[in-house]
Amino acid sequence: MTHELKRLVTGIEGLDALLRGGLVAGAAYIVQGPPGAGKTILANQLACGHVRSGGRVLVATLLSESHERLFQYLGTLDFFDPALVGDQIQFVSAFDTLEQEGLDAVVRLLRQEIARQKATLLVVDGVLNARARAESALDTKKFVSALQGHAAFAGCTVLLLTSARMEEGSPEHTMVDGVIELGEHMVGSRAVRSIQLRKTRGSAALSGRHECLIDRTGMRVFPRLESLFSHPSQHGSCTPGRVSSGVPSLDDMLDGGLAAASVTLLMGPSGIGKTSLGLAFLSASTKQVPGLHFGFYEPPERLRNKAASLGFDFRSMEQEGSLQLCWQPTTEGLLDQLGARLIEQVDAMGAKRVVIDSLGAFSRLAMEPARLNAFFRALTGELRARDVSVMLTWEMRDIFGAEISAPAPDLSSIVDNLMLMRFVELDSSLRRMLSILKVRDGQHHTSPHELIIGTRGISLHKAFEGASGMLSGTAVANPSG
Amino acid sequence: MKTILIVDDEYLIAEILGYALEDEGFQVRKASNGVKALAALKDAPVQLIITDYMMPLLNGEELARALRKDPAWRTLPIILMSGAQANQGCPDLFAAVFDKPFDMDRMIATVRDLLGN
């Protein structure tokens, strides 16, 4: 019979998800990473969070920066409250004991302090100095083991901070229950922080490297979406049914509309009308079926004006709670942070119609483009699991031409419906064309239709009969007869 | 020569303060927590104590309370150095309280005042 281990919730955004519920209470962890990687922030943020949920913390340093200097830096972060220090969080230095009396005396001192302070979390900063004081690898093992043993006996969880990158076979690694590695690497001219759980006993923690950041609020971790949602977190209702695309003539082409909780990709060049179709899709939102525009390029006011020019009153819809325009004016950020924000927005408002304009913004944030397919698959899978009907846009590079660039390989694993939009030059005029390339589990008109966008809204009608080559953008009228 | 006992678990602060006081002609002894400070007082008398607040085994306030109970040390002047926890502890126990980081000249002037130099 299996049982659940008691957890110490870290309170650090994303880290508990990574650890599948938090640190194992009473276990010992190494937090390693080069100077500046965020070890001290992670430990102190965890300490402050732990105190706020009723715990008591002992922070012991083995030669590091002075406590006062540390408090000055921590004072710039929202999570830190100096009033907690000296009571629920005790900072002590064990350096003198280490230097004068050795490792055994440090263990003795910390054991006494854990008991005296009734600490439920012990942070030891500067573990490398313990290794330097040890006469052999066995001494280091004994130190970690003794510390861990005394702490566990007192129900105290231990974090050992070290700036060395200890290898898997190191004495410290073999003795602890988990190893959390923090790092920073350059991607072009950008520095990206990362976190990796190199060892986690007692939990099916999310492996691999995940992105994180440090800002005024402290550390935030963004688990790789495809790892967090390797299986959808919930079952959708799987109710068959149709939802309107917001354009009646497009619904006709789709044999009654889009399948509920399906994902539709609109591909086309800049200016073809992808955003307009997205706005039309959202215009069908109601209080019961709210819509969310998750856009990157056009601020809300411009979208409202654009919608108004198509005959949609977005302002009123927003006021009555049937629509939200969520603008992401980001040029830098993290892919998984963005994915998490979208899911969070959808959950917060219970959105059932979502437009993402466009997938290109996600792609630009991807440090590893090879991840994109799995990322999009996880993202759309989660939205489907929430019974959300999704419309995605993708801007094709070439305005004309036979080449079609897709956001990711293996599109069928990401999207259910695929629509291609192109400018078509025919009879000395430039026209918009929409062709439905794929509809999952449904009938649809296969012939290209002309898209008309005007003050009376959006409509599609049959056109280009007797012409070929529309998908390349340069149609050729077939000779009649 | 008057002797000052510096009680601080933070090695560097004890070192820096110790050098500054020695430069001023004081003899300095050090202890890294309150327990060690009480033991040091048994070895040889001191004329003043400068103590940190947060320390293992016995903190600055606990040390001061222990000394106030002992007739031999009841009137010994004690200066408290405290950090983020500046508002903690009982000020009546101390002849002066300094928030870390403190001004060294002001500390030395206070020491001189308390020792009547």
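This is a predicted model: local features need pLDDT of at least 70, side-chain atom pairs count only at pLDDT 80 or more; totals for chains, interfaces and linings use all residues.

Me: Good. With that in mind, how many bridges join β6 to β7 in chain A?

Reply: There are 5 bridges between β6 (residues 121-125) of chain A and β7(A), and the two strands run parallel. One pair to look at is L122(A), whose bridge partner in β7(A) is V158(A).

Me: And how many bridges join β3 of chain A to β7(A)?

Reply: Strand β3 (residues 28-32) of chain A is joined to β7(A) by 5 bridges, in parallel. Here A28(A) stands opposite V158(A).

Me: Is β7(A) mostly covered or mostly open?

Reply: Mostly covered: β7 (residues 157-162) of chain A has 6 of its 6 residues buried. T157(A), L159(A) and L161(A) point one way, while V158(A), L160(A) and T162(A) point the other way, and all are buried.

Me: Which residues of helix α11(A) are buried?

Reply: α11 (residues 274-283) of chain A is mostly covered too, with 10 of its 10 residues buried. The list includes K274(A) and S283(A), along with L277(A), L279(A), F281(A) and L282(A).

Me: Zooming out, what's the share of buried residues in chain A?

Reply: Buried residues are 47% of the 481 residues in chain A. The chain has 16 helices and 24 strands, and its C-alpha atoms fill a box of roughly 100 × 50 × 45 Å along the principal axes. Of the contacts in chain A with a separation of 6 or more, 71% are between residues 24 or more positions apart.

Me: How is chain A divided into domains?

Reply: Domain 1 covers 7-223 and domain 2 covers 242-477. Their C-alpha centres lie 46 Å apart. The contact between them takes 7 residues from domain 1 of chain A and 6 residues from domain 2 of chain A.

Me: Which elements give two or more residues to the domain 1 side?

Reply: Those are β9 (190-200) and β10 (209-215) of chain A. By class, the domain 1 side that touches domain 2 has 5 nonpolar, no polar and 2 charged residues.

Me: Helix packing next. At what angle do α5 and α7 of chain A cross?

Reply: Roughly 10 degrees, with the axes of α5 (residues 103-117) and α7 (residues 137-153) of chain A coming within 10 Å. Angles under 35 degrees count as roughly parallel, so α5(A) is roughly parallel to α7(A).

Me: Which residues make that contact?

Reply: From α5(A) you have L103(A), V107(A), L110(A), R111(A) and I114(A), and from α7(A) there are D139(A), F143(A), A146(A), L147(A), H150(A) and A151(A). They divide into 8 nonpolar, 1 polar and 2 charged.

Me: And at what angle do α14(A) and α16(A) cross?

Reply: α14 (residues 335-349) and α16 (residues 372-385) of chain A cross at roughly 5 degrees, and their axes come within 11 Å. α14(A) and α16(A) are therefore roughly parallel to each other. L335(A), G339(A), I343(A) and V346(A) in α14(A) meet F375(A), L379(A), E382(A) and L383(A) in α16(A). That contact has 6 nonpolar, 1 polar and 1 charged residues.

Me: Switching to chain B. What's the strand order in the open sheet?

Reply: The order is β2-β1-β3-β4-β5 (chain B), 5 strands with parallel pairing. At the edges stand β2 (27-31) and β5 (96-99) of chain B, each with a single partner strand, so one side of each has no neighbour in the sheet. Neighbouring strands are turned by 20 degrees against each other on average, ignoring direction.

Me: What packs on that sheet?

Reply: Helix α1 (residues 11-23) of chain B does, touching β1, β2 and β3 of chain B. The direction of α1(B) makes about 165 degrees with that of β2(B).

Me: How many bridges between β1 and β3 of chain B?

Reply: β1 (residues 3-7) and β3 (residues 48-52) of chain B pair in the parallel sense over 4 bridges. I6(B) stands opposite I50(B) in β3(B).

Me: Last one: how many residues does each chain give to the contact between A and B?

Reply: Chain B gives 17 residues and chain A gives 20 residues. The chain B side has 10 nonpolar, 4 polar and 3 charged residues.

Conventions: Residues are numbered from 1 along each chain as its sequence is written. Chains are lettered from A and ligands numbered from 1 in the order in which they are written. Two strands pair if DSSP finds at least two bridges between them. Axes are lines fitted to C-alpha atoms, for helices over the stretch in contact, and angles run from 0 to 180 degrees between N-to-C directions. Two residues are in contact if their C-beta atoms, placed from the backbone, lie within 7 Å. A residue is buried if 20 or more other C-beta atoms lie within 10 Å of its own, exposed if 12 or fewer, and partly exposed in between; C-beta atoms are placed from the backbone. Angles under 35 degrees count as roughly parallel, over 145 as roughly antiparallel, 65 to 115 as roughly perpendicular and the rest as oblique. Ala, Val, Leu, Ile, Met, Phe, Trp, Tyr, Cys and Pro count as nonpolar, Asp, Glu, Lys and Arg as charged, and the others, Gly among them, as polar. Domain bounds come from an automatic or database domain assignment.
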